[in-house]
Amino acid sequence: MSNLLKVAVFFLVVLVGVSNTLYVISEFERGITLRFGQLIEADIQPGLHVKIPFLDDVRRFDARILTVDAQPASFFTVEKKRLIVDSYAKWKIANVETYYKATNGVERTAENRLAKRINDGLRNQFGTRTLREVVSGERDLLMKDICLLYTSPSPRDRTRSR
C-alpha cells in the first residue's frame, strides 16, 4: 500500500508541475509573460506555450473589438446651445506591450482614458459647429474629424518609424 501511495503522490506532483508549466492562449486573446513583475515576453500569440512554474505569471487580454460606452455629457455648440450627447467607441488592443505599460493591464483604466479623450474630442468638435451642423448630415464629417484627430500618428511616432 505504501508503494501505491508513493506513486499517487508522484503523479500528483507531476500533474501540478505540468499544469503550472503549460498554458494556452486562445485565438481571441493576447498575452504577456511577467517574471517577478518585469515584462519578459510581449504579445504572445494564440497556442500552447511553456512557462517557468511559480516564477512566470501570464496575463491575458481580450484581442477582440471592445466597446466603451461613455456617460452622457453636456456640450455647447458655437451658438452656445446645450446638447446632451450619449457616445460610445469601438476599440481593440493594437500593441499589448504598450497597453500593459500604459494601463497596467486594467481594462477599466483604458476605458476611462478613452472615454475622457472621446469627450474632449466631442467638446472640441461641437464647440466649432452650429446646432444645425451637428444634427444634420454633417454628423458623419464630425465623427470623421474626431477619428482623424485620434488615429493620425503623432510626430514622435512618425520619427520613430523612419
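Buried means under 20% relative accessible area, exposed over 50%, and partly exposed in between. The model discussed here is predicted.

Q: Is D43 buried, exposed or partly exposed?
A: The relative accessible area of D43 is 34%. Buried needs a value under 20% and exposed a value over 50%. D43 therefore counts as partly exposed.

Q: Which side chain meets that of D43 in a salt bridge?
A: Side chains of opposite charge can pair when their charged atoms come close. The salt bridge of D43 has an N to O distance of 3.7 Å. It links distant parts of the chain, 13 residues apart, with D43 in strand β3 (residues 38-44) and its partner in strand β2 (residues 29-35). The partner of D43 is R30.

Q: Is R30 buried, exposed or partly exposed?
A: The relative accessibility of R30 is 23%. The cut-off for buried is under 20%, and that for exposed is over 50%. R30 therefore counts as partly exposed.

Q: What is the order of the strands in the open sheet?
A: The sheet has three strands with antiparallel pairing. The edge strands, each pairing on one side only, are β3 and β5 (56-62). From one strand to the next, the twist averages 20°. The order is β3-β2-β5.

Q: Which helix packs on the sheet?
A: The helix touches β2, β3 and β5. Its direction makes about 60° with that of β2. The helix is α2 (residues 96-103).

Q: Which residue in β3 stands opposite R35?
A: Strands β2 and β3 pair in the antiparallel sense over four bridges. The residue in β3 that stands opposite R35 is Q38.

Q: Why are E111 and R108 separated by about one helical turn?
A: Both residues belong to helix α3 (residues 107-126). E111 and R108 also form a salt bridge, with the closest N and O atoms 2.8 Å apart. The separation is about one helical turn because, in α3, E111 and R108 are three residues apart.

Q: How many of the 18 residues of α1 are buried?
A: Helix α1 (residues 2-19) reaches 26 Å from its first C-alpha to its last, close to the 26 Å expected. The helix lies largely in the open, because the number of its residues that are buried is zero.

Definitions and conventions
Residues numbered from 1 in each chain as written. Predicted model: local features only at pLDDT ≥ 70, side-chain atom pairs only at ≥ 80, totals over all residues. Heavy atoms only, no water. Helix = DSSP H or I, 4+ residues; strand = E, 2+ residues; numbered from the N terminus. Expected span 1.5 Å × (residues − 1). Buried < 20%, exposed > 50% of the residue type's maximum accessible area, 1.4 Å probe, protein only. Salt bridge = Lys/Arg side-chain N within 4 Å of Asp/Glu carboxyl O. Pairing = 2+ DSSP bridges. Axes fitted to C-alpha atoms, helices over the stretch in contact; angles between N-to-C directions. Contact = heavy atoms within 4.5 Å.
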